[in-house]
Amino acid sequence: MFTVYKSNSLNILLLKAYNIIQKKPLSNILEKDIFIYDNKILFQYLNVFFAEKIGISANFKLYHPNDFIWKLFQIILSKKDLKNTFTHSMMIWKIMKVLDNEDFLKNSNKKDDKIQKFKFSFLMANIFEQYIFYRPNWINEWEIGKNISIIDQNKKWQIKLWMKIIYNIKKTNQSIHHFSNLFYNFKQLIKEKKIKKKYLPDRFFIISSFSLHPSYIKIFKKISAYINIYFLCITPYKNNIFHLIENNKICLNKKIQEKDVFSDSLITLWGQYEKIYALYIIKSRKTKIINCFQKNKNNNLLNIIKNDFFHGNKLIKKKDF
(Lines give C-alpha, C1' and ligand atoms only; values in the text may rest on other atoms or scores of the structure.)
Protein backbone atom coordinates (compact mmCIF):
# COMPACT_ATOMS: atom_id res chain seq x y z
CA MET A 1 0.00 0.00 0.00
CA PHE A 2 1.31 3.44 -0.93
CA THR A 3 0.11 6.10 1.52
CA VAL A 4 0.82 9.82 1.11
CA TYR A 5 0.74 12.15 4.10
CA LYS A 6 0.73 15.79 3.03
CA SER A 7 1.39 18.64 5.40
CA ASN A 8 2.99 22.07 5.69
CA SER A 9 4.65 21.02 8.95
CA LEU A 10 7.55 18.58 9.25
CA ASN A 11 6.67 17.88 12.90
CA ILE A 12 3.18 16.74 11.94
CA LEU A 13 4.61 14.34 9.35
CA LEU A 14 7.12 12.94 11.84
CA LEU A 15 4.29 12.56 14.35
CA LYS A 16 2.38 10.48 11.80
CA ALA A 17 5.44 8.27 11.36
CA TYR A 18 5.78 8.01 15.14
CA ASN A 19 2.15 6.89 15.51
CA ILE A 20 2.54 4.25 12.80
CA ILE A 21 5.70 2.86 14.40
CA GLN A 22 4.13 2.81 17.88
CA LYS A 23 0.83 1.25 16.82
CA LYS A 24 2.30 -1.23 14.35
CA PRO A 25 5.71 -2.38 15.59
CA LEU A 26 7.78 -4.52 13.24
CA SER A 27 7.47 -8.29 13.69
CA ASN A 28 11.24 -8.65 14.08
CA ILE A 29 12.46 -6.66 17.09
CA LEU A 30 15.96 -6.41 15.55
CA GLU A 31 14.68 -5.01 12.25
CA LYS A 32 15.14 -1.28 11.70
CA ASP A 33 12.56 1.19 10.45
CA ILE A 34 13.85 2.75 7.24
CA PHE A 35 13.67 6.44 6.35
CA ILE A 36 14.68 7.61 2.88
CA TYR A 37 16.00 11.13 2.55
CA ASP A 38 19.05 12.93 1.17
CA ASN A 39 20.08 14.91 4.25
CA LYS A 40 21.63 13.48 7.44
CA ILE A 41 20.83 16.64 9.40
CA LEU A 42 17.11 15.95 9.13
CA PHE A 43 17.76 12.38 10.29
CA GLN A 44 19.43 13.78 13.41
CA TYR A 45 16.34 15.91 13.98
CA LEU A 46 14.18 12.80 13.53
CA ASN A 47 16.17 10.99 16.23
CA VAL A 48 15.75 13.92 18.61
CA PHE A 49 12.01 14.03 17.83
CA PHE A 50 11.53 10.33 18.66
CA ALA A 51 13.75 10.54 21.74
CA GLU A 52 11.57 13.33 23.13
CA LYS A 53 8.46 11.23 22.53
CA ILE A 54 9.52 7.86 23.96
CA GLY A 55 12.73 8.63 25.82
CA ILE A 56 15.03 6.85 23.36
CA SER A 57 15.64 6.74 19.63
CA ALA A 58 16.81 3.40 18.25
CA ASN A 59 16.40 0.97 15.36
CA PHE A 60 16.26 3.61 12.64
CA LYS A 61 18.17 3.52 9.39
CA LEU A 62 18.60 6.43 6.99
CA TYR A 63 19.17 5.80 3.28
CA HIS A 64 19.91 8.26 0.53
CA PRO A 65 17.43 7.57 -2.33
CA ASN A 66 20.28 6.47 -4.64
CA ASP A 67 21.70 4.04 -2.09
CA PHE A 68 18.30 2.59 -1.26
CA ILE A 69 17.43 1.96 -4.90
CA TRP A 70 20.70 0.05 -5.36
CA LYS A 71 19.97 -1.89 -2.18
CA LEU A 72 16.57 -2.83 -3.62
CA PHE A 73 18.18 -3.96 -6.87
CA GLN A 74 20.58 -6.13 -4.89
CA ILE A 75 17.70 -7.78 -3.06
CA ILE A 76 15.17 -8.07 -5.86
CA LEU A 77 17.59 -9.01 -8.65
CA SER A 78 19.64 -11.31 -6.36
CA LYS A 79 22.90 -9.48 -7.10
CA LYS A 80 24.79 -9.28 -3.80
CA ASP A 81 27.98 -7.87 -5.31
CA LEU A 82 26.21 -5.21 -7.34
CA LYS A 83 28.31 -2.05 -7.68
CA ASN A 84 27.59 1.21 -9.43
CA THR A 85 30.50 1.96 -11.77
CA PHE A 86 28.54 4.65 -13.59
CA THR A 87 28.77 7.45 -11.05
CA HIS A 88 29.41 10.93 -12.41
CA SER A 89 33.08 11.04 -11.39
CA MET A 90 33.78 7.56 -12.78
CA MET A 91 32.00 8.40 -16.01
CA ILE A 92 34.28 11.40 -16.57
CA TRP A 93 37.39 9.23 -16.56
CA LYS A 94 35.74 6.53 -18.66
CA ILE A 95 34.98 9.15 -21.32
CA MET A 96 38.50 10.58 -21.02
CA LYS A 97 39.87 7.12 -21.74
CA VAL A 98 37.78 6.88 -24.90
CA LEU A 99 38.94 10.33 -26.02
CA ASP A 100 42.56 9.26 -25.66
CA ASN A 101 41.97 6.64 -28.34
CA GLU A 102 39.30 8.30 -30.45
CA ASP A 103 39.21 11.62 -32.30
CA PHE A 104 35.98 13.11 -30.97
CA LEU A 105 37.47 16.59 -30.54
CA LYS A 106 38.71 17.30 -34.03
CA ASN A 107 38.80 21.09 -33.65
CA SER A 108 40.67 21.24 -30.35
CA ASN A 109 44.14 22.78 -30.15
CA LYS A 110 47.00 20.57 -29.04
CA LYS A 111 47.94 22.90 -26.18
CA ASP A 112 44.42 22.90 -24.76
CA ASP A 113 43.82 19.26 -25.65
CA LYS A 114 43.66 17.88 -22.08
CA ILE A 115 41.59 20.79 -20.81
CA GLN A 116 39.17 20.46 -23.71
CA LYS A 117 38.92 16.71 -23.17
CA PHE A 118 38.14 17.14 -19.48
CA LYS A 119 35.49 19.82 -20.14
CA PHE A 120 33.92 17.65 -22.82
CA SER A 121 34.03 14.57 -20.56
CA PHE A 122 32.46 16.47 -17.67
CA LEU A 123 29.64 17.71 -19.91
CA MET A 124 28.98 14.29 -21.45
CA ALA A 125 29.02 12.61 -18.03
CA ASN A 126 26.19 14.98 -17.04
CA ILE A 127 24.26 14.21 -20.21
CA PHE A 128 24.66 10.43 -19.93
CA GLU A 129 23.67 10.57 -16.28
CA GLN A 130 20.43 12.31 -17.29
CA TYR A 131 19.84 9.71 -20.00
CA ILE A 132 20.35 6.85 -17.53
CA PHE A 133 17.72 8.19 -15.12
CA TYR A 134 15.26 10.00 -17.38
CA ARG A 135 15.64 8.12 -20.68
CA PRO A 136 16.58 4.58 -19.62
CA ASN A 137 14.89 3.15 -22.73
CA TRP A 138 17.36 5.07 -24.93
CA ILE A 139 20.37 3.55 -23.19
CA ASN A 140 18.92 0.03 -23.32
CA GLU A 141 18.08 0.36 -27.02
CA TRP A 142 21.56 1.62 -27.84
CA GLU A 143 23.16 -1.34 -26.09
CA ILE A 144 21.13 -3.86 -28.10
CA GLY A 145 21.89 -2.13 -31.39
CA LYS A 146 18.90 0.17 -31.77
CA ASN A 147 19.09 3.94 -32.23
CA ILE A 148 15.49 4.78 -33.03
CA SER A 149 14.99 6.83 -29.86
CA ILE A 150 17.64 9.43 -30.57
CA ILE A 151 15.88 12.72 -31.28
CA ASP A 152 18.47 14.40 -33.45
CA GLN A 153 20.16 12.25 -36.07
CA ASN A 154 23.16 14.59 -35.89
CA LYS A 155 23.79 13.30 -32.37
CA LYS A 156 24.46 9.71 -33.35
CA TRP A 157 28.01 10.22 -32.16
CA GLN A 158 26.59 10.05 -28.61
CA ILE A 159 25.59 6.45 -29.26
CA LYS A 160 29.05 5.72 -30.59
CA LEU A 161 30.67 7.28 -27.52
CA TRP A 162 28.41 5.34 -25.14
CA MET A 163 29.12 2.04 -26.88
CA LYS A 164 32.87 2.73 -26.68
CA ILE A 165 32.48 3.22 -22.93
CA ILE A 166 30.60 -0.08 -22.60
CA TYR A 167 33.22 -1.83 -24.74
CA ASN A 168 36.06 -0.60 -22.53
CA ILE A 169 34.22 -1.64 -19.38
CA LYS A 170 33.64 -5.16 -20.69
CA LYS A 171 37.24 -5.34 -21.83
CA THR A 172 38.47 -4.70 -18.28
CA ASN A 173 35.91 -7.12 -16.75
CA GLN A 174 34.17 -4.37 -14.78
CA SER A 175 30.49 -4.35 -13.92
CA ILE A 176 28.30 -3.10 -16.78
CA HIS A 177 25.27 -2.70 -14.53
CA HIS A 178 23.74 0.74 -14.42
CA PHE A 179 20.33 2.09 -13.50
CA SER A 180 18.88 1.74 -17.01
CA ASN A 181 19.44 -1.99 -17.47
CA LEU A 182 18.71 -2.79 -13.81
CA PHE A 183 15.45 -0.86 -14.04
CA TYR A 184 14.53 -2.85 -17.15
CA ASN A 185 15.26 -6.15 -15.36
CA PHE A 186 13.23 -4.97 -12.38
CA LYS A 187 10.21 -4.21 -14.56
CA GLN A 188 10.46 -7.65 -16.13
CA LEU A 189 10.35 -9.32 -12.71
CA ILE A 190 7.36 -7.19 -11.73
CA LYS A 191 5.62 -8.12 -14.97
CA GLU A 192 6.30 -11.81 -14.40
CA LYS A 193 5.32 -11.48 -10.71
CA LYS A 194 8.59 -12.97 -9.50
CA ILE A 195 9.19 -10.53 -6.65
CA LYS A 196 9.91 -12.33 -3.37
CA LYS A 197 8.23 -10.41 -0.57
CA LYS A 198 10.17 -12.16 2.20
CA TYR A 199 13.38 -10.40 1.14
CA LEU A 200 11.82 -6.93 1.24
CA PRO A 201 11.47 -4.75 4.36
CA ASP A 202 8.02 -4.72 5.93
CA ARG A 203 7.71 -0.99 5.39
CA PHE A 204 9.67 2.21 4.91
CA PHE A 205 9.13 5.96 5.03
CA ILE A 206 10.06 8.40 2.26
CA ILE A 207 10.52 12.08 3.07
CA SER A 208 9.94 14.17 -0.05
CA SER A 209 13.16 15.53 -1.52
CA PHE A 210 14.66 16.78 -4.77
CA SER A 211 16.66 13.55 -5.11
CA LEU A 212 13.63 11.48 -6.08
CA HIS A 213 13.79 10.79 -9.79
CA PRO A 214 10.53 9.84 -11.55
CA SER A 215 11.96 6.36 -12.13
CA TYR A 216 12.57 5.99 -8.38
CA ILE A 217 8.93 6.84 -7.70
CA LYS A 218 7.86 4.25 -10.30
CA ILE A 219 9.91 1.62 -8.48
CA PHE A 220 8.40 2.56 -5.12
CA LYS A 221 4.92 2.43 -6.59
CA LYS A 222 5.56 -1.04 -8.02
CA ILE A 223 6.82 -2.58 -4.79
CA SER A 224 4.02 -0.94 -2.77
CA ALA A 225 1.91 -3.87 -3.98
CA TYR A 226 4.00 -6.05 -1.67
CA ILE A 227 4.85 -3.80 1.31
CA ASN A 228 3.65 -0.62 3.03
CA ILE A 229 5.26 2.61 1.88
CA TYR A 230 4.58 5.93 3.58
CA PHE A 231 5.38 9.07 1.62
CA LEU A 232 5.78 12.11 3.88
CA CYS A 233 5.22 15.07 1.59
CA ILE A 234 6.19 18.52 2.80
CA THR A 235 4.34 21.24 0.87
CA PRO A 236 3.24 24.80 1.75
CA TYR A 237 0.06 24.49 -0.33
CA LYS A 238 -3.24 23.15 0.96
CA ASN A 239 -5.91 23.58 -1.73
CA ASN A 240 -4.09 23.22 -5.03
CA ILE A 241 -1.43 20.84 -3.84
CA PHE A 242 0.76 19.27 -6.53
CA HIS A 243 -0.07 22.28 -8.71
CA LEU A 244 1.64 22.56 -12.04
CA ILE A 245 3.99 25.43 -12.76
CA GLU A 246 4.99 25.86 -16.35
CA ASN A 247 6.82 28.57 -18.22
CA ASN A 248 7.68 30.34 -14.97
CA LYS A 249 3.97 30.97 -14.20
CA ILE A 250 2.21 29.98 -10.99
CA CYS A 251 -1.20 28.38 -11.27
CA LEU A 252 -2.46 28.41 -7.69
CA ASN A 253 -5.88 29.48 -8.83
CA LYS A 254 -7.29 29.38 -12.35
CA LYS A 255 -9.16 32.63 -11.74
CA ILE A 256 -5.93 34.55 -11.12
CA GLN A 257 -4.69 36.41 -14.16
CA GLU A 258 -1.20 35.45 -15.27
CA LYS A 259 -0.03 39.05 -15.25
CA ASP A 260 -0.98 39.39 -11.54
CA VAL A 261 0.95 36.39 -10.40
CA PHE A 262 4.36 36.79 -8.83
CA SER A 263 6.98 34.66 -10.53
CA ASP A 264 9.77 33.45 -8.33
CA SER A 265 12.52 30.98 -9.18
CA LEU A 266 12.19 29.10 -5.87
CA ILE A 267 8.44 28.73 -6.22
CA THR A 268 8.86 27.67 -9.84
CA LEU A 269 11.38 25.03 -8.82
CA TRP A 270 9.03 23.77 -6.12
CA GLY A 271 6.23 23.58 -8.67
CA GLN A 272 8.30 21.50 -11.06
CA TYR A 273 9.25 19.29 -8.15
CA GLU A 274 5.61 18.73 -7.17
CA LYS A 275 4.64 18.19 -10.79
CA ILE A 276 6.52 14.90 -10.66
CA TYR A 277 4.43 13.83 -7.69
CA ALA A 278 1.24 14.87 -9.46
CA LEU A 279 2.10 12.73 -12.49
CA TYR A 280 3.48 9.64 -10.75
CA ILE A 281 1.72 9.55 -7.37
CA ILE A 282 -1.48 11.59 -7.18
CA LYS A 283 -2.96 10.30 -10.44
CA SER A 284 -2.47 6.71 -9.36
CA ARG A 285 -5.66 4.99 -8.23
CA LYS A 286 -3.76 2.82 -5.77
CA THR A 287 -2.54 5.77 -3.73
CA LYS A 288 -4.12 6.70 -0.41
CA ILE A 289 -3.80 10.45 0.29
CA ILE A 290 -4.18 11.93 3.77
CA ASN A 291 -4.12 15.70 4.33
CA CYS A 292 -2.84 16.92 7.69
CA PHE A 293 -2.25 20.65 7.38
CA GLN A 294 -2.25 23.31 10.08
CA LYS A 295 -2.53 27.07 9.85
CA ASN A 296 0.40 29.13 11.09
CA LYS A 297 -0.15 31.81 13.69
CA ASN A 298 0.09 35.30 12.16
CA ASN A 299 2.62 36.53 14.70
CA ASN A 300 5.37 37.38 12.26
CA LEU A 301 5.97 38.17 8.60
CA LEU A 302 7.23 34.67 7.76
CA ASN A 303 4.03 33.02 9.04
CA ILE A 304 1.92 35.53 7.13
CA ILE A 305 3.71 34.54 3.91
CA LYS A 306 3.34 30.86 4.81
CA ASN A 307 -0.39 31.33 5.29
CA ASP A 308 -0.64 33.02 1.87
CA PHE A 309 0.71 29.81 0.35
CA PHE A 310 -1.44 27.74 2.71
CA HIS A 311 -4.65 29.37 1.49
CA GLY A 312 -3.50 29.67 -2.10
CA ASN A 313 -3.67 33.46 -2.08
CA LYS A 314 -2.29 35.17 -5.12
CA LEU A 315 1.09 36.80 -4.74
CA ILE A 316 1.19 40.18 -6.43
CA LYS A 317 4.49 41.54 -7.64
CA LYS A 318 4.72 45.21 -6.79
CA LYS A 319 6.22 47.57 -9.32
CA ASP A 320 9.71 48.79 -8.56
CA PHE A 321 9.91 52.37 -7.27
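Two strands count as paired if DSSP finds at least two bridges between them. Helices (H or I, at least four residues) and strands (E, at least two) are DSSP runs, numbered from the N terminus. The model shown here is predicted: local features need pLDDT of at least 70, side-chain atom pairs count only at pLDDT 80 or more, and totals for chains, interfaces and linings use all residues. Residues are numbered from 1 along each chain as its sequence is written, and side-chain values use heavy atoms, with hydrogens and water left out.

**View 1. Strand β1 pairs with β5 and with β6.** Let us start with β1 (residues 2–7), which runs parallel to β5 over 6 bridges. Within this pairing, Lys6 has Cys233 as its bridge partner, and Ser7 has Ile234. Strand β6 (residues 287–291) is also parallel to β1, with 5 bridges, and here Phe2 stands opposite Thr287. In a regular strand, side chains alternate between the two faces of the sheet. You can follow this along β1: Phe2, Val4 and Lys6 point one way, while Thr3, Tyr5 and Ser7 point the other way. All of these residues are buried, where buried means under 20% relative accessible area, exposed means over 50%, and partly exposed lies in between (1.4 Å probe, protein chains only).

**View 2. Strand β5 also pairs with β4.** Take a look at β5 (residues 228–234), where 5 of the 7 residues are buried. Strand β4 (residues 203–207) runs parallel to β5 and is joined to it by 5 bridges; one example is Phe204, whose bridge partner is Ile229. Together with helix α9 (residues 214–223), β4 and β5 make a right-handed β-α-β unit. Right-handed means that, with the strands pointing away from the viewer, the path from the first strand over the helix to the second runs clockwise.

**View 3. Phe35 and Phe50 form an aromatic pair.** Rings of Phe, Tyr and Trp (its six-membered ring) pair if their centres lie within 6.5 Å; planes under 30 degrees apart count as stacked, over 60 as edge-to-face and the rest as tilted. By this rule the count comes to 28 aromatic pairs. The ring centres of Phe35 and Phe50 are 6.4 Å apart and their planes meet at 70 degrees, so this pair is edge-to-face. Phe35 sits in strand β2 (residues 33–36) and Phe50 in helix α2 (residues 40–54), 15 residues apart. Phe35 is buried, at 1% relative accessible area, and Phe50 is buried, at 1%. Ring pairs also link both into a cluster with Tyr5, Tyr18, Phe49, Phe60, Phe205 and Tyr230.

**View 4. The structure holds 2 salt bridges.** A salt bridge is a side-chain nitrogen of Lys or Arg within 4 Å of a carboxyl oxygen of Asp or Glu. Asp33 and Arg203 form one of them, with their closest N and O atoms 2.8 Å apart. This pair links strand β2 to strand β4, across 170 residues, and both partners are buried. Lys117 and Asp100 also meet in a salt bridge, at 3.3 Å from N to O. Lys117 lies in helix α5 and Asp100 in helix α4 (residues 88–101), so the pair ties together parts that are 17 residues apart in sequence.
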